[in-house]
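This report goes through a single protein chain, from individual residues to the overall fold. Please look at the sequence and the model first.

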Amino acid sequence: MARFIKHIIWFLIPIFLGFLIVEGFYRFVPNNYAFKHAMITQNKAAIETLVFGDSHTFYGVNPNYFNSHTFNLANVSQTLYFDTLLFEAYVADMPNLKTVILAAEYSNLSQEDNTQEDIWRKYFYARYMHLNVPLIKPYDVKKYSLALTQKFGKTVGYMQAFLKNKTLVGADSTGWGNTYKKAISAADLERLATIIAKKHDDGTADISKNIARLETLIKSCQEKNIAVILVNMPVSLPYLQKLNQNEVTAITEATQQLANNYSHVTAINFLGDRRFKRVHFHDADHLNQAGAALCSNILNAVINKP
């Protein structure tokens, strides 16, 4: 019996050590969440324009093209649920904040909370950005161990990326996602447009819950004398054509109605904007660096308009 227990212990030791290595990796290797928290904490007193949203604004709005001191707080697959938590966590300590840019588009307005695609992200927001996330229950073991939040293959991918790039941070000091450099080819554009449009079709066109969240944020900004820009980011025409057009119209009308109802709100709809060509896109629905420069210059002009 003692021999059997000894074998069990020797079997468990490498598993336990592997678990500790993975846990240490997640806790101590910087990523976009930890990096953005550190940067915004250091600069929050100076920030005048704050950008929220998902990967569209993360890669597509470059603070370096703004006249105001701007920080990009967007992140990949960031929902309006987390935009709201981030707003509540940071904005109260930003005395010079004058403008908030909120993504209001097909990829986030009908998105449900805690979906399978981003179910692990809530633990990252809680750990790295020090948010109180109501979706996480006190008895949830993943709240205490980041190693348990990811599948083994994904963890291996993260480790390989870190060994190759020496970092997991994909943003510059302004929070902008600076890794989308190339322009998409015509052949890839048509292929990816179908794939990504299908991915973003979540089976519901109900945008009411997230429109209500937007309105709550708008009212909070009104109380703080902060202007709001609701932006529907540029996407490629082949991608746009494959979306549910009824939902596209409903989003445009709802965001414009918010702008009509509140004098401090401006709605900007880049869908179908012919200023954005194929050379401005990294893939079917994300701008590359050139596209981000164009988009950011336009937004900056809106902010500076008398």
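## Thr 84

Leaving aside neighbours within four places in sequence, Thr 84 is in contact with Arg 213 and Leu 217, where contact means heavy atoms within 4.5 Å. Thr 84 lies in helix α4 (residues 80–90); helices (H or I, at least four residues) and strands (E, at least two) are DSSP runs, numbered from the N terminus. Thr 84 counts as buried because its relative accessibility is 13%; buried means under 20% relative accessible area, exposed over 50%, and partly exposed in between (1.4 Å probe, protein chains only).

## Basis of the model

The model is predicted: local features need pLDDT of at least 70, side-chain atom pairs count only at pLDDT 80 or more, and totals for chains, interfaces and linings use all residues. Residues are numbered from 1 along each chain as its sequence is written, and side-chain values use heavy atoms, with hydrogens and water left out.

## Asn 288

Asn 288 sits in the loop between β5 (265–269) and α12 (289–304). With a relative accessibility of 2%, Asn 288 counts as buried. Apart from neighbours within four places in sequence, the contacts of Asn 288 are Tyr 180, Lys 181, Lys 182, Ala 183, Val 279, His 280, Phe 281 and His 282.

Asn 288 and Gly 177 are separated by 111 residues in sequence, and their C-alpha atoms are 9.6 Å apart in space.

## Packing of α2 and α6

Helix α2 (residues 32–43) packs with helix α6 (residues 121–128) at an angle of about 35 degrees, and the axes are 9 Å apart. Axes are lines fitted to C-alpha atoms, for helices over the stretch in contact, and angles run from 0 to 180 degrees between N-to-C directions.

Tyr 33, Ala 34 and His 37 of α2 meet Arg 121, Phe 124, Tyr 125 and Tyr 128 of α6. By class, this contact of α2 with α6 has 5 nonpolar, 1 polar and 1 charged residues (Ala, Val, Leu, Ile, Met, Phe, Trp, Tyr, Cys and Pro count as nonpolar, Asp, Glu, Lys and Arg as charged, and the others, Gly among them, as polar).

## Overall fold

The protein has 12 helices and 5 strands. Its radius of gyration is 21 Å, close to the 19 Å that the globule rule gives for 306 residues, so the protein is as compact as a globular protein of that length. The radius is taken over C-alpha atoms, and the rule is 2.2 Å times the number of residues to the power 0.38.

Of the 306 residues, 50% count as buried. Among contacts between residues at least 6 apart in sequence, 77% join residues at least 24 apart.
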